[in-house]
Amino acid sequence: MNDMSLRIAPHRIGAMILRYWYLLLSSWPRLLELMYWPTLQIITWGFLQTYIAANAGFFARAGGTLIGAVILWDILFRGQLGFSISFLEEMWARNLGNLMMSPLTPIEFLLALMTMSLIRLAIGVIPMTLLAMWFFDFNFYSLGLPLIAFFCNLVFTSWAVGIFVSGLVLRNGLGAESIVWTLMFALMPLACVYYPVQVLPHWLQLVAWSLPPTYVFEGMRALLIDHVFRFDLMLTALGLNAALLLASFAAFIALLRSARRVGALLSAGE
Amino acid sequence: MTQDDAFPTPISDRSSASPAIAVSHLTKIYKSAPAVDDISFAIRRGSITGLLGGNGAGKTTTIAMIMGLVLPTSGTVEVLGHKMPDEAAAVLGRMNFESPYVDMPMRLTVRQNLAIFGRLYAVDNLKARIAELASDLDLSDFLDRSNGKLSAGQKTRVALAKALINDPELLLLDEPTASLDPDTADWVRSHLERYCKRRGATILLASHNMLEVERLCDRVIILKRGRIEDDDSPAGIMARYNRTTLEEVFLDVARGRDREAAQ
């Protein structure tokens, strides 16, 4: 595979999607795991939201901000996991050498991982939104068209993080696997998932505003509390995401090249 | 049959007159230790060449650099007339490999694995190609079984089927019969011989099995501590060391006995 190759052939992307689809279908624990944590999340936070709404006037007026935040956070987190776990499957299976020696290009590999992240996201998050509707009377889809802007921005960020951490694992082996599971949580306090940006100290607010998800969570609160769709926030998030995706792709290519230099692709284990 | 639309063979393929593999002053240094130290060789098209050497001699690193999986510290590699790894896209669809350092996904069935790699290599009429390989390599009985549930011999045959899925012009094999019983190993060697004759393909194989190398290879390159210790036909090398088997030559080289002393 030529590092700099930007060739894209749909049949190769299709082959990789098929590979992950076969894997999902062959393993019920993998399918169950996709739905297990989102379900637990929504039940826990849904009851908390119900309790707070009954006891606090502000939250009673701002119905759904907690559950909405939980679902949007899960889109961000599960989107990245969906991407990274498909990548890790190749490391666990010791199949990376086969792929790297095939005509599959890095961009095709990444596009296949992005598609799989969407498929895995759908399997995990759609049941979660249905539970929120049935048990907690929160119709996530009632957010309407803004939901598309929220979803796209969160998924773009999740892919950027997924591409970067996959590059790190490629370069450093499975010893770096824990980064896949933990890096997104480092963003959580700064992305202001459950509280407005103003809560943060001023200097941290600057950091928060450099992260695309912050704009999404602020946008969600503006929609649910003030009933205003902040298009400007979504546009800024989109610009930041474009920069993040480009940077993460460049980092992936650099890490792949470094992995080739140190022979990491031959011993893609610990 | 496997010509990938994305990677067409140039009409005036400069590769057709070139060696299958040309390695020039190839060096790989990991930290401060040289794994491959300034080696040069060219491999003629349609030949079978064996890379011999003890553990750590540099065989796997050399093959990995030829495949583009490892970047050389210095020196150049050309495969089918194209520089690696810069022009890898032009040749990756025309070559393939098998190595003990990689596996096929364990949960997928043999048929699913072959179908995926067939699509990656843009194999035309894939179902027929899988059926052909299943017949040639005797995979039919376990074509719908998970790769993880196969014996070592069956896995090797499946890995060979994957390596042949695109009918490659160049096949790189790292220990192709390691951990196989003598019967299966012999069967694999016969298949490789037949494939090479039928396809006119070039094979470069790294092996510890001297009988295998004697039987299959037109030429042997002996590596020691990353350098080429000898390079000739098996008969030529045995004559030079005054030995009757390559195994004896291997022991001479491994134990530091030079040709004169061996005589």
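**Chain A, then the sheet of chain B**

Modeller: Read along the sequence, chain A follows the pattern α-α-α-α-α-α-α-α-α-α-α. This is a predicted model, in which local features need pLDDT of at least 70 and side-chain atom pairs count only at pLDDT 80 or more, while totals for chains, interfaces and linings use all residues. Residues are numbered from 1 along each chain as its sequence is written, and chains are lettered from A and ligands numbered from 1 in the order in which they are written.

Colleague: How many helices and strands does chain A have, and what counts as either?

Modeller: Chain A has 11 helices and zero strands. Helices are DSSP runs of H or I with at least four residues, strands are runs of E with at least two, and both are numbered from the N terminus.

Colleague: What makes the radius of gyration of chain A agree with that of a compact globule?

Modeller: The radius is taken over C-alpha atoms, and the globule rule is 2.2 Å times the number of residues to the power 0.38. For 270 residues a compact globule would have a value near 18 Å; chain A has 19 Å, so the two agree. The C-alpha atoms of chain A fill a box of roughly 60 × 40 × 30 Å along the principal axes.

Colleague: What share of chain A is called buried, and on what ground?

Modeller: Of its 270 residues, 47% count as buried; this requires 20 or more other C-beta atoms within 10 Å of the residue's own, with C-beta atoms placed from the backbone.

Colleague: Why are strand 6 and strand 10 of chain B called edge strands?

Modeller: Six strands of chain B form an open, mixed sheet in the order 6-7-8-3-9-10. Strands pair if DSSP finds at least two bridges between them. Strand 6 (95–98) and strand 10 (227–232) of chain B each have a single partner strand, so one side of each is left without a neighbour in the sheet.

Colleague: How do you know that strand 6 and strand 7 of chain B pair?

Modeller: Four bridges join strand 6 to strand 7 (residues 170–174) of chain B in the parallel sense, against the required two. Glu98(B) has Leu173(B) as its bridge partner in strand 7.

Colleague: Which strands pair with strand 1 of chain B?

Modeller: Strand 1 (residues 21–30) of chain B runs antiparallel to strand 2 (residues 33–43) of chain B, with seven bridges. Val23(B) stands opposite Phe41(B) there. Strand 1 of chain B also pairs with strand 4 (residues 74–79) of chain B, antiparallel over five bridges.

Definitions and conventions. Buried ≥ 20, exposed ≤ 12 C-beta atoms within 10 Å, placed from the backbone.
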